[in-house]
Amino acid sequence: MDNIEVIGIDHGFSQMKTVSSTFTSGVAEITTEPAFFDDVLEYKGRFYKIGGSRMEVRATKTETDEYYLLTLAAIAKELHKRGKRKANVVLAVGLPATRYGDEKQDFIDYLSRNKDVCFRFEQYDYHVNIVKVSAYPQCYAAVVDRIGTFGTKVVVVDIGSWTIDIIPVINRKPDDAKTNTIQQGLITCMRDINKQSVRKLGDEIDETDIQHYMIHGTSSLPQEYIEIIDKSLKEFTAMIYNSLREEKYNMKTTPFVFVGGGAVVMKNFGGYEQGNISYNFDVRANAKGYETLARISMRKEL
C-alpha cells in the first residue's frame, strides 16, 4: 500500500509522546465553538482542548474515549511535522511489560475501532486510514536502537509516570521470566510530595513546579517547599534501588540503563555515580522504539 506512515505513540498517564512531539495527557470538551484553535481537536461535531491539566489515572486506558482522542491529536501533530494531511497509518504503541499479554488485544481493538477517520486539529483537516495497530512492550522499546552495543547482561529500568518497568536483557534479548513492573511511578511520587506539603505547610505544590525541580534541580519556590520535594525525590530513588536489590541485582556490578521521564530523577537524586549505571534522558525513546520495531516487523512481512 502506498503512502504508509508509521507513527509511534507513547500513551503516558502524564504525557503523550511521538518521535517529534510531547504534550500533556489531558482532554477537556469545549461545549461551543472555541474562539481560539490552538491544540483544539474537532471530531464528530465536538470540540476538545488537548493538553492542559493531565487526566486522572484510570485502571486501563481503554475505558473512556479520552486516549482515543489523544491518539488523534498525536497523529495530527506527527503528520503535520511530516507535511501531510492524508495518510495510510500504521500505529505503533506500547504497554507495560508485565501487562502486555493481558492488555495488548484490548488496546489494539480500542485504537483500531475506526479504520477510516476524518477529523480536524488546529483547523486543519485530516483523513487517516488506520492500516494496522501494533503493540510492543515499553522499556525494551526505549533501548532497541542500542541493543547491538549491549554486553551479556544489561538491566533496563523504565521510570514512567505511573509504572516502573524492569527488564533484564540477556545476550541482547529480553528475559520475560524476570521482567517486573512496579506501580509506583512519578505520579505517586508527586502525590507523596503534596501529602507532605499539605501536612507540614498547609498547601499543595503545583506539579509543574515539582517537575521543574525533578529535571533541573533548582527552583524559585520557598526553601521549606524545596526541602520537602528534595527529601521525597531522594526517598523515591532509594525505593527504586531497593527494589532492584530485592530482584537480586548487584548495584556495583550490574550494568543498568535508566530510561523514561524518571531517568533524570535517578541521575539528579539517586546518589550513584559509578560507571555501571547509564541514562537515556530522551522522553520520546519508547515512541521512537515502537516505530523501529514496527518497521522491522513490516520488512519481515514483505
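Axes are lines fitted to C-alpha atoms, for helices over the stretch in contact, and angles between N-to-C directions run from 0 to 180 degrees. Helices (H or I, at least four residues) and strands (E, at least two) are DSSP runs, numbered from the N terminus. The model is predicted: local features need pLDDT of at least 70, side-chain atom pairs count only at pLDDT 80 or more, and totals for chains, interfaces and linings use all residues. Residues are numbered from 1 along each chain as its sequence is written, and side-chain values use heavy atoms, with hydrogens and water left out.

Helix α4 (residues 186-201) packs against two helices in this account. With helix α5 (residues 207-216), the axes come within 11 Å and cross at roughly 115°. The two helices are therefore roughly perpendicular to each other. Angles under 35 degrees count as roughly parallel, over 145 as roughly antiparallel, 65 to 115 as roughly perpendicular and the rest as oblique. The crossing of α4 and α5 is right-handed. A crossing is right-handed if the near helix is turned clockwise from the far one by less than a right angle, and left-handed if anticlockwise. On the α4 side, the contact (heavy atoms within 4.5 Å) is made by Leu186, Cys189, Met190, Ile193 and Asn194. Helix α5 contributes Glu207, Ile210, Gln211 and Met214. By class, this contact has 6 nonpolar, 2 polar and 1 charged residues. Here Ala, Val, Leu, Ile, Met, Phe, Trp, Tyr, Cys and Pro count as nonpolar, Asp, Glu, Lys and Arg as charged, and the others, Gly among them, as polar.

The axes of α4 and α6 come within 9 Å and cross at roughly 140°. That angle makes α4 oblique to α6. The crossing is again right-handed. From α4, the residues that meet α6 are Leu186, Cys189, Asp192, Ile193, Gln196, Ser197, Lys200 and Leu201. Their partners in α6 are Glu224, Tyr225, Ile228, Ile229, Ser232, Leu233, Glu235 and Phe236. The contact of α4 with α6 has 9 nonpolar, 3 polar and 4 charged residues. Leu186 also touches Gly160, which sits in the loop between β11 (153-159) and β12 (164-170). Gly185 is in contact with Gly160 as well. Gly160 and Gln15 are 145 residues apart in sequence and 9.6 Å apart in space, C-alpha to C-alpha.

The backbone oxygen of Gln15 lies 3.3 Å from a polar atom of the Lys17 side chain. Such a polar contact is a pair of N or O atoms within 3.5 Å; within protein, one must be able to donate a hydrogen and the other to accept it, and residues adjacent in sequence count only if both atoms are side-chain atoms. Lys17 is found in strand β3 (residues 15-17). Lys17 counts as buried, at 12% relative accessibility. Buried means under 20% relative accessible area, exposed over 50%, and partly exposed in between (1.4 Å probe, protein chains only). Lys17 and Val283 are 266 residues apart in sequence, yet 7.6 Å apart in space, C-alpha to C-alpha. Beyond four places in sequence, Lys17 touches residues including Asp10, Val283, Arg284 and Ala287.

Asp10 is also touched by Asn286, a residue of helix α8 (residues 285-301). Asn286 is buried, with a relative accessible area of 6%. The Asn286 side chain reaches the backbone nitrogen of Cys139 at 3.0 Å. Thr254 lies in the loop between α6 (223-246) and β15 (256-259). Thr254 counts as buried at 8% relative accessibility.
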